[in-house]
Amino acid sequence: MSSITYTREQIIDALCIEYDYLCHDDFDPAVDKSPTDYRASLDVLSHDQLVAETTTDDIYTLDEFIYNHS
């Protein structure tokens, strides 16, 4: 559990930064969403769904995820 409360926008921004990092060298437009489409797909998710999208847990925390992707 995170000791800090993050807004939806902070989580979306961090997820988009992570996505950009992961796709930077291997982006395939036939398979991967554009950054704009990826952000749009996140915009419809609830706060809890966004947190789940980070795949964080007790070992790799949400605090670490936000720090690493901000």
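The buried residues of helix H1 pack against H2, helix H3 (47-53) and H4. Here, buried means under 20% relative accessible area, exposed means over 50%, and partly exposed lies in between (1.4 Å probe, protein chains only). Helices are DSSP runs of H or I with at least four residues, strands are runs of E with at least two, and both are numbered from the N terminus. The model is a predicted one, in which local features need pLDDT of at least 70 and side-chain atom pairs count only at pLDDT 80 or more, while totals for chains, interfaces and linings use all residues. Residues are numbered from 1 along each chain as its sequence is written, and side-chain values use heavy atoms, with hydrogens and water left out.

In H1, the buried residues are Ile11, Ile12, Ala14, Leu15, Cys16, Glu18, Tyr19 and Cys23. An α-helix has 3.6 residues a turn, so residues three or four places apart point the same way.

Contact means heavy atoms within 4.5 Å. Leaving aside residues up to four places away in sequence, Ile11 touches Tyr6, His47, Leu50, Val51, Thr54 and Ile66.

A disulfide is a pair of cysteine sulfur atoms within 2.5 Å, and the structure holds 0 of them. Cys16 is in no disulfide, and the nearest cysteine sulfur, that of Cys23, is 11 Å away. Cys16 counts as buried because its relative accessibility is 14%. Cys23 likewise counts as buried, because its relative accessibility is 10%.

Asp43 is found in helix H2, and its relative accessible area of 42% is why it is partly exposed. Not counting residues up to four places away in sequence, Asp43 touches Arg8 and Ile12. Thr7 lies in the segment before H1 and counts as partly exposed because its relative accessibility is 43%.

Stepping back to the whole protein, there are 4 helices and 0 strands, which follow the pattern α-α-α-α along the sequence. The radius of gyration is 12 Å, close to the 11 Å that the globule rule gives for 70 residues, so the protein is as compact as a globular protein of that length. This radius is taken over C-alpha atoms, and the rule is 2.2 Å times the number of residues to the power 0.38. Buried residues make up 29% of the 70 residues. Among contacts with a separation of 6 or more, 65% come from residues 24 or more positions apart.
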